[in-house]
Amino acid sequence: QVQLVESGGGLVQPGGSLRLSCAASGFNFRTYDMSWYRQAPGKERELVAHTIRAGGSTNYADSVKGRFTISKDNAKKTMYLQMNSLKPEDTAVYYCNAYPAFPDWGQGTQVTVSS
C-alpha cells in the first residue's frame, strides 16, 4: 500500500524559507519520479515540481522557478522541497506524490506565508 507522509510546513514571513519532507513507502521509490503539488484555498490542486529521472533533471511551475528545489534521498526514501524567498501566494497545503501521481494522497502539510 502506497503511503506518503508530508511534514515541515508552518508559518513563515514573506522572504523566509521552509524545507518540506515526504516519507514514502509501498512502492519502488528509487525508480519512480516524484512530485510536489499544492492546493490554495478556493483553488484546484496544482503541480509545483517534479523529477525527471530519465533525463536526470527537474521541472518547476513558472510561479516557483528559481525559488524552490525538489530533491530525493533514495537511501532514506524521502523527498524534499526547499522553498526560499516565500511569497504570500505560496500559502497552500502541500502534497507529495509520484509523477504521474498515484491515486493515494497523504494528509499534506500546511504552509502559510504571512507577515
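Figure 1. Thr91 lies in the loop that runs between strand 8 and strand 9. The coordinates shown here and in the following figures are those of a predicted model. The relative accessible area of Thr91 is 18%, and the residue is therefore classed as buried, the limit being under 20%. Apart from neighbours within four places in sequence, Thr91 is in contact with Ala40, Pro41, Gln110, Val111, Thr112 and Val113. Gly10 is 81 residues away from Thr91 along the chain, yet 9.9 Å separates the C-alpha atoms of Thr91 and Gly10.

**Figure 2. Asp90 and the residues in contact with it.** Asp90 also belongs to the loop between strand 8 (78–83) and strand 9. With a relative accessibility of 1%, Asp90 counts as buried. When neighbours within four places in sequence are set aside, the residues in contact with Asp90 are Arg38, Val64, Arg67, Phe68, Ser85, Val111 and Val113. Among them is Ser85, which is itself found in the loop between strand 8 and strand 9.

**Figure 3. The disulfide between Cys22 and Cys96.** The model contains 1 disulfide. This link joins Cys22 to Cys96, with an S to S distance of 2.0 Å. The torsion about the S-S bond is 65°, and the link of Cys22 and Cys96 is right-handed. Cys22 and Cys96 are both buried. In general, a disulfide is a covalent bond between the sulfur atoms of two cysteines.

Figure 4. The model has 6 aromatic pairs. In one of these, the ring centres of Tyr37 and Trp105 are 5.2 Å apart and the ring planes meet at 80°, so the pair is edge-to-face. Tyr37 is in strand 4 (residues 34–39), whereas Trp105 is in the loop between strand 9 and strand 10 (109–113), so this pair ties together parts that are 68 residues apart in sequence. Tyr37 is buried at a relative accessible area of 13%, while Trp105, at 28% relative accessibility, counts as partly exposed. Trp105 also pairs with Tyr95: the centres of these two rings lie 6.1 Å apart and their planes stand at 90°, so this pair is likewise edge-to-face. Tyr95 in strand 9 and Trp105 in the loop between strand 9 and strand 10 are 10 residues apart, and their pair links distant parts of the chain. Tyr95 has a relative accessibility of 14% and counts as buried. The charged end of Arg45 sits over the ring of Trp105, at 3.6 Å from the ring centre.

Figure 5. Phe27, Phe29, Tyr32 and Phe102 are linked into a cluster by ring pairs. Within this view, Lys72 lies over the face of Phe29, 4.5 Å from the centre of the ring.

Figure 6. Most residues other than glycine have a negative phi, and most peptide bonds are trans. The peptide bond from Tyr99 to Pro100 is cis, its omega being near -5°. Pro100 is located in the loop between strand 9 and strand 10. Lys77, in the loop between strand 7 (68–73) and strand 8, has a positive phi near 50°. At 38% relative accessibility, Lys77 is partly exposed. Ser85 is not a glycine either, and its phi is positive at about 50°. Ser85 has a relative accessibility of 41% and counts as partly exposed.

**Figure 7. The whole chain as context for the close-up views.** The protein chain has 0 helices and 10 strands. Its radius of gyration is 13 Å, close to the 13 Å given by the globule rule for 115 residues, so the chain is as compact as a globular protein of that length. Along the principal axes, the C-alpha atoms fill a box of roughly 40 × 25 × 25 Å. Of the 115 residues, 41% are buried. Among contacts between residues at least 6 apart in sequence, 53% join residues at least 24 apart. The accessible surface of the chain is about 6200 Å², and 46% of this surface belongs to carbon and sulfur atoms.

Terms used:
Residues are numbered from 1 along each chain as its sequence is written. This is a predicted model: local features need pLDDT of at least 70, side-chain atom pairs count only at pLDDT 80 or more; totals for chains, interfaces and linings use all residues. Side-chain values use heavy atoms; hydrogens and water are left out. A disulfide is a pair of cysteine sulfur atoms within 2.5 Å. Buried means under 20% relative accessible area, exposed over 50%, partly exposed in between (1.4 Å probe, protein chains only). Rings of Phe, Tyr and Trp (its six-membered ring) pair if their centres lie within 6.5 Å; planes under 30 degrees apart count as stacked, over 60 as edge-to-face and the rest as tilted. Helices (H or I, at least four residues) and strands (E, at least two) are DSSP runs, numbered from the N terminus. A charge sits over a ring if NZ of Lys or CZ of Arg is within 6 Å of the ring centre and within 35 degrees of the ring normal. The radius of gyration is taken over C-alpha atoms; the globule rule is 2.2 Å times the number of residues to the power 0.38. Contact means heavy atoms within 4.5 Å. Accessible areas come from the Shrake-Rupley method with a 1.4 Å probe; for residues, only the protein chains shown count as cover.
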